[in-house]
Amino acid sequence: VIRRPEIAMAAAVEEAGRRLRVKVLLFASAKELAGTGECEVELAAGARTSDLRAALEKRFVLLRECVHDTALAVNQEYVSADDDPELRSGDEVALIPPISGG
């Protein structure tokens, strides 16, 4: 398939304007600080887990103290602290803060 550059550019611009929605599950202290165990977040297409963390920090001000130290799982698979994967619409992201105790 051969595409003319202007058609490819129009498709890229259209894609850039799209949004995605992810379901966020909050556990332990994150749940307490946010006042909810679940929410949906809308982000720009191409958003990454770092963008989600920033959006959650804005939406739930009290999460600022833990959102960057919280483990993430995307679609039930842990994301390493050094990784920043791109999210897709419909993804389920869990915030799992460190749990203390013994």
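Arg 21, at 40% relative accessibility, counts as partly exposed in this predicted model, and this arginine lies in strand β1. The category follows from the cut-offs, because buried means under 20% relative accessible area and exposed means over 50%, with partly exposed in between. Leaving aside neighbours within four places in sequence, Arg 21 is in contact with Glu 40, Val 41, Glu 42, Arg 88, Ser 89, Gly 90 and Asp 91. With one of these residues, Glu 40, the side chain of Arg 21 makes a polar contact, side chain to side chain, at 2.5 Å. Arg 21 and Ala 45 are 24 residues apart in sequence, while their C-alpha atoms are 9.1 Å apart in space.

Val 22 also lies in strand β1, but with a relative accessible area of 1% this valine is buried. When neighbours within four places in sequence are set aside, the contacts of Val 22 are Cys 39, Glu 40, Val 41, Leu 43, Leu 52, Leu 87, Arg 88 and Asp 91. Along the chain, Val 22 and Arg 88 are 66 residues apart, yet their C-alpha atoms are separated by 7.4 Å.

The strand that holds these residues belongs to an open sheet of five strands, arranged in the order β2-β1-β5-β3-β4 with mixed pairing. At the edges stand β2 (38-44) and β4 (77-79), each of which pairs on one side only. On average, neighbouring strands of this sheet are turned by 35° against each other, direction ignored.

Individual partners can be followed in the structure: Lys 23 has Glu 92 of β5 as its bridge partner, and Val 24 stands opposite Val 93 in β5. Val 93 is also the bridge partner, in β5, of Val 74. Across β1, β2, β3 (71-74) and β5 lies helix α3 (residues 49-59), which runs at about 120° to β2.

Two residues deserve attention for their backbone angles. Most residues other than glycine have a negative phi. Ala 28, however, has a positive phi near 50°, and this alanine lies in helix α2 (residues 28-34). Gln 76, which is not a glycine either, has a positive phi of about 65° and is found in the loop between β3 and β4.

| Residue | Relative accessible area | Class |
|---|---|---|
| Val 22 | 1% | buried |
| Cys 39 | 8% | buried |
| Cys 66 | 11% | buried |
| Ala 28 | 34% | partly exposed |
| Arg 21 | 40% | partly exposed |
| Gln 76 | 71% | exposed |

Cys 39 is buried because its 8% relative accessible area falls under the cut-off of 20%, and Cys 66, at 11%, counts as buried too. The structure holds zero disulfides. Gln 76, with its positive phi of about 65°, is exposed at 71%, whereas Ala 28, with its positive phi near 50°, is partly exposed at 34%.

Definitions and conventions
Residues numbered from 1 in each chain as written. Predicted model: local features only at pLDDT ≥ 70, side-chain atom pairs only at ≥ 80, totals over all residues. Heavy atoms only, no water. Pairing = 2+ DSSP bridges. Helix = DSSP H or I, 4+ residues; strand = E, 2+ residues; numbered from the N terminus. Axes fitted to C-alpha atoms, helices over the stretch in contact; angles between N-to-C directions. Contact = heavy atoms within 4.5 Å. Buried < 20%, exposed > 50% of the residue type's maximum accessible area, 1.4 Å probe, protein only. Disulfide = S-S within 2.5 Å. Polar contact = N/O pair within 3.5 Å; in protein donor to acceptor, adjacent residues only side chain to side chain.
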